[in-house]
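Below are my notes on the model, as numbered points. Please read them beside the sequence and the coordinates.

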Amino acid sequence: MKTNIGITDKNRQAIAEILSKLLADEYVLYTKTRNAHWNIEGPDFHDKHKFFEGLYEQLDEVVDSVAERIRTIGHYAPATLKSFLDLTHLTEKSESKNDSKGFIKELLTDHESVIVYLRENINKIGNDLGDVGTSDFLTGLLEDHEKTAWFLRSHLK
Ligand SMILES: [Fe+2]
């Protein structure tokens, strides 16, 4: 059945492309957060091991929500590791020596990069592409990333 929700095919396609890049970023960020959880070393090991666990659990839910939003507007979600690496704006390269400061700096940069991407696209999707549902969904996601970025930033004072 055709998706008949009051958004043109062309606009749904454009929105799906924006969301697919976002899904790739969230998936890579999820994996990088698991890396931090697994490989963190130092005197604050236990505290940061748990902290990173909370962050990747949140991202696991985010990944699912973004993929299901793509399906909701009538497109298929990219779902291979290769496609995520092709689509993502983030890099897997790690500068960190497995210390908490290095991991936190790296994750903060990535969350901020996702925040900028979301901010660039929320108004475009709502106003130009006529999808207030996705625009609203991404606004909530923006706030979640901003809060996580604050948490991460606060470790670096
Ligand atoms: Fe674990």
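1. Asp-60 sits in helix H2, which spans residues 45-72; helices here are DSSP runs (H or I, at least four residues), numbered from the N terminus. Its relative accessibility is 45%, so Asp-60 counts as partly exposed. The cut-offs are under 20% relative accessible area for buried, over 50% for exposed and partly exposed in between, with a 1.4 Å probe and protein chains only. From Asp-60 to Tyr-76 the separation is 16 residues in sequence and 19 Å in space, C-alpha to C-alpha.

2. On provenance: this is a predicted model, where local features need pLDDT of at least 70 and side-chain atom pairs count only at pLDDT 80 or more, while totals for chains, interfaces and linings use all residues. Residues are numbered from 1 along each chain as its sequence is written, and side-chain values use heavy atoms, with hydrogens and water left out.

3. Asp-60 also belongs to a negative surface patch, together with Glu-57, Glu-61, Asp-64 and Glu-68. Patch members have over 30% relative accessible area and no salt bridge, like charges being joined within 9 Å and nonpolar side chains (Val, Leu, Ile, Met, Phe, Trp, Tyr) within 5 Å. Asp and Glu count as negative and Lys and Arg as positive, with His and the chain ends not counted. Each charge is placed at NZ of Lys, CZ of Arg, CG of Asp or CD of Glu. Accessible areas are from the Shrake-Rupley method with a 1.4 Å probe.

4. How many aromatic pairs are there? The count is 6 aromatic pairs, where rings of Phe, Tyr and Trp (its six-membered ring) pair if their centres lie within 6.5 Å, with planes under 30 degrees apart called stacked, over 60 edge-to-face and the rest tilted. One of them, Tyr-27 with Phe-84, is stacked at 4.6 Å centre to centre and 20 degrees between the planes. Tyr-27 is in helix H1 (residues 9-39) and Phe-84 in helix H3 (residues 81-87), so this pair ties together parts 57 residues apart in sequence. Tyr-27 is partly exposed because its relative accessibility is 27%, whereas Phe-84, at 6%, is buried.

5. Tyr-30 and Tyr-56 make an edge-to-face pair, 6.0 Å centre to centre with 90 degrees between the planes. This pair links helix H1, which holds Tyr-30, to helix H2, which holds Tyr-56, across 26 residues. Tyr-30 has a relative accessibility of 14% and therefore counts as buried; Tyr-56 is buried as well, at 9%. Tyr-27, Tyr-30, Tyr-56 and Phe-84 together form one aromatic cluster.

6. The structure holds 11 salt bridges, a salt bridge being a side-chain nitrogen of Lys or Arg within 4 Å of a carboxyl oxygen of Asp or Glu. Among them is Arg-153 with Glu-112, whose closest N and O atoms are 2.9 Å apart. Arg-153 is partly exposed at 38%, and Glu-112 is partly exposed at 32%.

7. Is Lys-48 buried or exposed? Lys-48 is buried, with a relative accessible area of 9%, and it forms a salt bridge with Asp-47 at 3.0 Å between the closest N and O atoms. Asp-47, at 47%, is partly exposed.

8. Asp-9 and Lys-2 meet in a salt bridge of 2.8 Å, N to O. Lys-2 is exposed at 59%, while Asp-9 is partly exposed at 44%. A network of salt bridges links Lys-2, Asp-9 and Arg-12.

Technical notes: Helix = DSSP H or I, 4+ residues; strand = E, 2+ residues; numbered from the N terminus.
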